[in-house]
Amino acid sequence: MKVKYVGIKLKSECNTISSEQFYEELERISGFIVESPSSERHYYFDNTTREGYLLGLVVTLKDQRRFCKASMDDGELTLKTEDLIGEDKLVDFNFLAIRKDTRKGIYQYYHNSCSANTFGDVCKRKFYENKEFLIHNEYLQLAPGEAPYDNSKQYEKAKKKYAGRPKFAILIDSREVDQIIRSYRKVKELDVTFEAVESPTDAAIAARQLSDSVSLKYRIGVTEDVENIAQAARQLCNTFGFIRGKAVAEDEFGEERIVNLINCPHDFGQEDFDDLAYRVDELKASEFVDNDILDDLVSILEKPENAPIFAVDN
């Protein structure tokens, strides 16, 4: 399993709550827990240890007492079930680092762990909780002695002072799709979907009567060189009816990558999960800032070739 490095942006768009204050609040409540029916997530933040960076760790404890593994005996595959011992839990982890000057950073993600968007949603929720607290205190100063929020005029004035919202986004590669594909050494496959007004076969005539359009999906095995594939991908994206597509590519190290033909996230590399898991052995979550995985994330943010991506927005 591969661990991907995802570019993110997290900032405040509220004039009276700066991004720095947003980050300080996340550090203040570091260690908070968000529960769901199937998991329990612990969110840790550090805004002071490494100058210029907000650092973070998300730890997901799964509500699962048993797990399965497989063994091969004399060519026969056998499944075995084991129970966790005592208070042990199955766990996922996600490290992150954000530059405080540009509000952009790197989030580490692998399959079934906490997604970047889920992380962003939780941060935004905490922003709004703090915002409501500040509005409440402002109202009490504007309307002393009055119950919240009987004085609607002063309440609206308090809300106006803290107007604005948080913003979270995945960093999207702004290059044209052919430029993105040319950055890979090999493309194995193109997978594109179109929405058409005609049914592809007579057998679909009944369905056609019930719908305005039909989705057509083409999977194209690729034998051409990357240059020709890049041109073909750009033409497909500009064809009427195109709605989505992806390419299966290989980078210079032979690692397989999935390239979205539209809204393609920046690719900042990946790592084998087994190698990464070894580096968190015996890690105390509250002391996550001492782990050298964060050095890798900061290194990505400080690479000269990534400077335009992590620069301040115009």
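Modeller: Lys 126 counts as buried in this predicted model, because its relative accessibility is 16% and the cut-off for buried is under 20%. Its side chain meets that of Glu 129 in a salt bridge, at 3.4 Å from N to O, although Glu 129 is itself partly exposed, with a relative accessible area of 44%. Both residues belong to helix 2 (residues 116-142), where they are three residues apart and therefore separated by about one helical turn.

A salt bridge also joins Asp 92 and Lys 62, whose closest N and O atoms are 3.1 Å apart. Asp 92 lies in strand 7 (residues 90-99) and Lys 62 in strand 4, so this pair ties together parts that are 30 residues apart in sequence.

In the salt bridge between Asp 295 and Arg 50, the closest N and O atoms are 2.6 Å apart. Because Asp 295 lies in helix 8 (residues 293-302) and Arg 50 in the loop between strand 3 (39-46) and strand 4 (53-62), the pair ties together parts that are 245 residues apart in sequence. Asp 295 is partly exposed, with a relative accessible area of 37%, and Arg 50 is likewise partly exposed, at 26%.

Beyond these pairs, Glu 271, Arg 279, Asp 292 and Asp 296 are linked in a network of salt bridges, and the structure holds 14 salt bridges. As for confidence, the chain averages a pLDDT of 83, with 87% of the residues scoring at least 70.

Technical notes:
Residues numbered from 1 in each chain as written. Predicted model: local features only at pLDDT ≥ 70, side-chain atom pairs only at ≥ 80, totals over all residues. Heavy atoms only, no water. pLDDT = per-residue confidence, 0-100. Salt bridge = Lys/Arg side-chain N within 4 Å of Asp/Glu carboxyl O. Helix = DSSP H or I, 4+ residues; strand = E, 2+ residues; numbered from the N terminus. Buried < 20%, exposed > 50% of the residue type's maximum accessible area, 1.4 Å probe, protein only.
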